[in-house]
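Please look at the structure shown here and follow its chains one step at a time.

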Amino acid sequence: MKFGIVVHGAPYSSESSHSALHFAQAVIDTGHEIHRVFFYHDGVYNGSGLMAPPQDEWDLGARWATLAREHGTDLVVCVASSLRRGMLDSTEADRYEKPAASLAPDFTVSGLGQLIDTAINADRLVTFGA
Amino acid sequence: MAKLLFIQSKAPHGSLFGQEGLDAILMGTAFAECNVLLVEDGIYQVLKAQDTRELGTKDYSVTYKALPDYGVSTIYCSERHLLARGLTPDDLVVPVEPLGNDAIKQLMADHTAILGF
Amino acid sequence: MILHTVNKSPTQHRGLATCLEFVSPGDAIVLLEDGVYAAVTAIEGLPAGTQVYAVRADIDARGLADRVAKSVLVIDYAGFVALCIRFSLFRNWS
């Protein structure tokens with residue numbers, strides 16, 4: 001079965017990232033597929049390439065990256081939510097003449113069409129609210 | 001055929017959920033049959049007379065008026081939650097169809113996915 | 001049939017109360033995150049055949065392992081995935 005996962009909460013400020021990561025891993029471990037993880041609202045902060053948590057805490061950024069690199073999981077942050085919150089890839093940073101990009105390389109920026117595509121084409125849409 | 005239900009449950013201005021939820025609704029209408037349900041403080045998103053000029057947030061209640069142009073012919077709300085807030089449909093910027101709890105349960109079950117904000 | 005989730009404590013947030021207004025017979029509820037504080041008492045007014053589950057990692061983290069009501073089933077994340085497969089629709093009350 002193909003799962004769409006939506007994350008609304010910021011890493012650490014909300015537990016939604018922890019829950020979504022546990023769920024995503026369980027989807028893979030039980031032999032199912034992740035259609036996409038779509039980050040919306042404050043969830044886009046999960047795409048930060050600048051998180052440096054204490055060593056005795058979960059490195060949420062690294063865990064999302066592992067999902068992408070080991071399982072090809074599609075991690076998408078919503079462009080409008082990202083721009084508002086300063087989650088910019090290098091293209092957007094140049095476009096808006098910002099001093100730096102902030103998005104981690106395993107995330108892609110895309111529009112709400114990807115959220116709707118997930119809602120339509122995944123077998124199940126699971127949302128982790130803030 | 002996909003049929004998406006968008007549920008708005010948060011008040012405007014205190015968070016961005018309502019505004020970003022509405023953006024998702026507008027995008028959804030381009031790809032699927034969509035319905036909108038306002039529950040709890042989500043009903044406040046369409047309260048009349050919102051004036052955001054001093055505050056500086058966006059008054060997106062007006063965008064709800066455009067939803068019929070996007071194919072959302074009816075905006076549903078919880079009748080109980082409307083009354084609990086001392087409101088009637090006349091207090092809102094758009095026509096709404098208040099539903100009882102049983103009708104809302106049926107509305108939810110009639111869709112292929114639920115997106116909540 | 002709908003799988004509902006509640007991630008906030010019922011003493012702090014209306015998520016569970018709103019969820020209970022819209023639960024139909026045969027639906028299920030998963031309590032996770034702070035929502036597991038609702039697992040310590042049997043939830044009243046549930047429609048027939050509605051099972052309540054609570055995520056074990058959240059129960060354990062909050063020191064609630066010995067306090068879970070008998071009517072609540074504790075599940076791991078594999079169990080949560082299995083519930084999502086069983087129920088065709090998902091709604092989070094956050």
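What percentage of the 94 residues in chain C do buried residues make up? In this predicted model, which needs pLDDT of at least 70 for local features, counts side-chain atom pairs only at pLDDT 80 or more and uses all residues for totals of chains, interfaces and linings, the share is 46%, where buried means that 20 or more other C-beta atoms, placed from the backbone, lie within 10 Å of the residue's own. Residues are numbered from 1 along each chain as its sequence is written, while chains are lettered from A and ligands numbered from 1 in the order in which they are written.

Chain C holds three helices and five strands, which follow one another from the N terminus as β-α-β-β-α-β-α-β; helices (H or I, at least four residues) and strands (E, at least two) are DSSP runs numbered from the N terminus. Of the contacts in chain C with a separation of 6 or more, 56% join residues 24 or more positions apart, a contact being two residues whose C-beta atoms, placed from the backbone, lie within 7 Å.

Turning to the partners of chain A, 16 of its residues are in contact with 13 residues of chain C. On the side of chain A that touches chain C, α1 (16-29) and β5 (124-128) of chain A each supply at least two residues, and α1(A) gives the largest share, with six residues.

The contact between chain A and chain B takes 12 residues from chain A and 14 residues from chain B. Here α5(A) gives the most to the side of chain A that touches chain B, namely five residues.

Technical notes
Buried ≥ 20, exposed ≤ 12 C-beta atoms within 10 Å, placed from the backbone.
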